[in-house]
Amino acid sequence: MPLLEGERLTKNFGGIVAVNDVSFSVERGETVGLIGPNGAGKSTLFRLITGVHEPTEGRVLLDGEEITGLAPHEICHRGLVKTHQIVRPFENLTLLENAAVGAEFGGDADDPEARAAEALEFVGLDHLAESEPDELSVGALKRLEIARVLATDPEVVLFDEVAGGLDTDETAEIIELINDISERGKTVFLIDHVMRALMSVSDSVFVLDNGELIATGTPEEIQNDQRVIEAYLGEQPDGGVAAGD
Ligand code: ADP
Ligand code: MG
């Protein structure tokens with residue numbers, strides 16, 4: 001049985017169909033990439049999965065159980081969590097406290113601070129545990145965001161453009177982290193706006209365009225898919241950043 005399934009998901013915002021009849025499944029332990037041009041509906045699809053938005057139609061199943069309509073903290077408690085595309089940590093909390101907020105959100109941590117400390121160490125920010133986030137580089141902010149979700153002790157992690165706005169070195173660090181997370185047995189579902197380095201960590205790739213799933217396959221198949229190439233024609237090489245969470 002797949003660990004995560006979407007069944008005919010549709011999200012309508014007034015007249016805009018942001019996600020249109022999308023079905024997919026992700027196996028336990030798999031790393032799946034989700035790509036598509038700006039405005040394709042990638043972040044909206046992730047928000048349907050994590051309970052930020054309720055789908056207009058369709059269902060989401062986690063480990064065979066329906067989670068459609070549950071609140072984000074309830075879904076997090078069941079082991080599924082997402083990083084935000086735009087990272088906004090609590091400015092007046094330390095890094096440790098920020099990560100501990102994640103542990104609390106996950107629900108059953110008996111020692112949120114210990115779990116937060118472990119997560120900070122995993123992302124390489126333990127030496128800054130007592131600092132505040134305003135001192136962090138963009139790359140470090142992204143790693144703090146990863147620590148926050150790992151502190152929830154998830155089984156499935158969704159990353160929304162976690163390498164967006166990063167330089168080559170910072171991107172390489174993030175890819176290494178995602179590889180480590182995957183090697184620890186977590187199921188990973190990640191959005192990337194452009195067909196780039198994150199493709200290299202994906203076992204399979206889904207492509208959204210205009211709210212519709214237009215292709216699924218291995219990274220290699222996707223890179224050579226004519227419909228996918230056409231979907232990206234006319235795009236700015238560096239894209240823009242769409243709405244936040
Ligand atoms: P992507 O993440 O692929 O760039 P989004 O999921 O952010 O795309 O957006 C898909 C479409 O849905 C866009 O046209 C966007 O303007 C629209 N959209 C996203 N969120 C909302 C919202 N909360 N209200 C209205 N329209 C939205
Ligand atoms: Mg987005």
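This note goes through the model's confidence, its ligand site and one of its sheets.

1. **Confidence.** The model is predicted. Its chain averages a pLDDT of 91, and 93% of the residues score at least 70. One stretch to read with care is residues 239-244, where the pLDDT is below 50. Beyond near neighbours in sequence, that stretch has 13 contacts in the model.

2. **Backbone contacts to ligand 1.** Look at the backbone here. S43 places a backbone N or O atom 2.9 Å from an oxygen atom of ligand 1. For G41 the corresponding distance, again from a backbone N or O atom to a ligand oxygen, is 3.0 Å. A polar backbone atom of A40 lies 3.2 Å from an oxygen atom of ligand 1. As for cover, ligand 1 taken alone exposes 560 Å², and the protein buries 70% of that.

3. **The sheet as a whole.** An open sheet is built from 4 strands. Their order is β2-β1-β4-β5, and the pairing is antiparallel. Which strands stand at the edges? They are β2 (16-26) and β5 (65-66). Each has a single partner strand, so one side of each is left without a neighbour in the sheet. Strands of a sheet pair through backbone hydrogen bonds, either parallel or antiparallel.

4. **From β1 to β4.** Strand β1 covers residues 4-13 and runs antiparallel to β4. How many bridges join these strands? The count is 5. One residue pair to find in the view is E5 with L61, its bridge partner in β4.

5. **From β4 to β5.** Strand β4 spans residues 57-62. It is joined to β5 by 2 bridges, and these two strands run antiparallel. L62 stands opposite E65 in β5, and L61 stands opposite E66.

6. **The hairpin turn.** β4 and β5 form a hairpin with 2 residues between the strands. D63 in this hairpin takes a positive phi near 55°.

Notes:
Residues are numbered from 1 along each chain as its sequence is written. Chains are lettered from A and ligands numbered from 1 in the order in which they are written. This is a predicted model: local features need pLDDT of at least 70, side-chain atom pairs count only at pLDDT 80 or more; totals for chains, interfaces and linings use all residues. Side-chain values use heavy atoms; hydrogens and water are left out. A polar contact is a pair of N or O atoms within 3.5 Å; within protein, one must be able to donate a hydrogen and the other to accept it, and residues adjacent in sequence count only if both atoms are side-chain atoms. Accessible areas come from the Shrake-Rupley method with a 1.4 Å probe; for residues, only the protein chains shown count as cover. pLDDT is the predictor's confidence in each residue, from 0 to 100. Contact means heavy atoms within 4.5 Å. Two strands pair if DSSP finds at least two bridges between them.
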